[in-house]
Amino acid sequence: MLLSQSYFGIGIVEDNADPLKLGRVRVRIFDIHGNDKIKIPTNKLPFAHVLHAANNKSKFETIAIGDWVYVTTLDGQN
């Protein structure tokens with residue numbers, strides 16, 4: 001894995017109803033998806049896996065729609 005191809009950014013959670021019940025969310029990443037929900041509707045955003053503190057599993061809560069999140073990808077903006 002080339003770390004130089006990683007992307008780091010900010011996004012907003014638009015959907016937290018993961019049909020596979022894996023805790024994934026759909027995030028609109030500002031630099032990648034923009035604000036135009038006509039061009040890229042929420043249901044076309046990919047599901048993203050959520051990371052949380054491994055030492056505090058008992059307090060993990062579902063991320064709410066409208067929450068701002070820090071995002072990283074392993075393959076750049078693609």
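**Strands, salt bridges and a surface patch**

Colleague: Which residue in β2 is the bridge partner of Ile-12?

Modeller: This is a predicted model, in which local features need pLDDT of at least 70 and side-chain atom pairs count only at pLDDT 80 or more, while totals for chains, interfaces and linings use all residues. Residues are numbered from 1 along each chain as its sequence is written, and side-chain values use heavy atoms, with hydrogens and water left out. A strand here is a DSSP run of E with at least two residues, numbered from the N terminus. In β2, the bridge partner of Ile-12 is Arg-28.

Colleague: In what order do the strands of the open sheet stand?

Modeller: Two strands pair if DSSP finds at least two bridges between them. Strand β1 (residues 7–15) and β2 meet this in the antiparallel sense over four bridges, and strand β2 (residues 25–29) pairs with β3, again antiparallel, over two bridges. The open sheet has four strands with antiparallel pairing, and their order is β3-β2-β1-β4.

Colleague: Which strands stand at the edges of the sheet?

Modeller: An edge strand here has a single partner strand, so one side of it is left without a neighbour in the sheet. The strands in this position are β3 (47–48) and β4 (68–73).

Colleague: How many residues of β2 are buried?

Modeller: A residue is called buried under 20% relative accessible area, exposed over 50%, and partly exposed in between, using a 1.4 Å probe and protein chains only. Val-25, Val-27 and Ile-29 point one way from β2, while Arg-26 and Arg-28 point the other way, and all are buried. The strand β2 is therefore mostly covered, by the cut-off of under 20%, and its buried residues number five of five.

Colleague: How many residues apart are Arg-28 and Glu-14?

Modeller: Side chains of opposite charge can pair when their charged atoms come close, and a salt bridge is defined as a side-chain nitrogen of Lys or Arg within 4 Å of a carboxyl oxygen of Asp or Glu. Arg-28 forms one with Glu-14, and their closest N and O atoms are 2.5 Å apart. The pair links distant parts of the chain, with Arg-28 in strand β2 and Glu-14 in strand β1, and the separation is 14 residues.

Colleague: Is Asp-15 buried or exposed?

Modeller: Asp-15 forms a salt bridge with Arg-26, the closest N and O atoms being 3.1 Å apart. Arg-26 lies in strand β2 and Asp-15 in strand β1, so the pair ties together parts that are eleven residues apart in sequence. Arg-26 counts as buried at 14% relative accessibility. With a relative accessible area of 18%, Asp-15 is also buried.

Colleague: How many salt bridges does the count come to?

Modeller: The side chains of Arg-24 and Asp-18 meet in a salt bridge of 2.7 Å, N to O, and both residues are buried. Glu-14, Arg-28 and Lys-37 are linked in a network of salt bridges. By the rule used here, the count of salt bridges comes to four.

Colleague: What does Phe-8 count as, by its relative accessibility?

Modeller: Phe-8 lies in strand β1, and together with Ile-10, Trp-68 and Tyr-70 it forms a nonpolar patch on the surface, with about 520 Å² of accessible area together. Such a patch joins nonpolar side chains (Val, Leu, Ile, Met, Phe, Trp, Tyr) within 5 Å, from residues with over 30% relative accessible area and no salt bridge, like charges being joined within 9 Å, and the areas come from the Shrake-Rupley method with a 1.4 Å probe. β1 and β4 each supply at least two residues of the patch. At 46% relative accessibility, Phe-8 counts as partly exposed.
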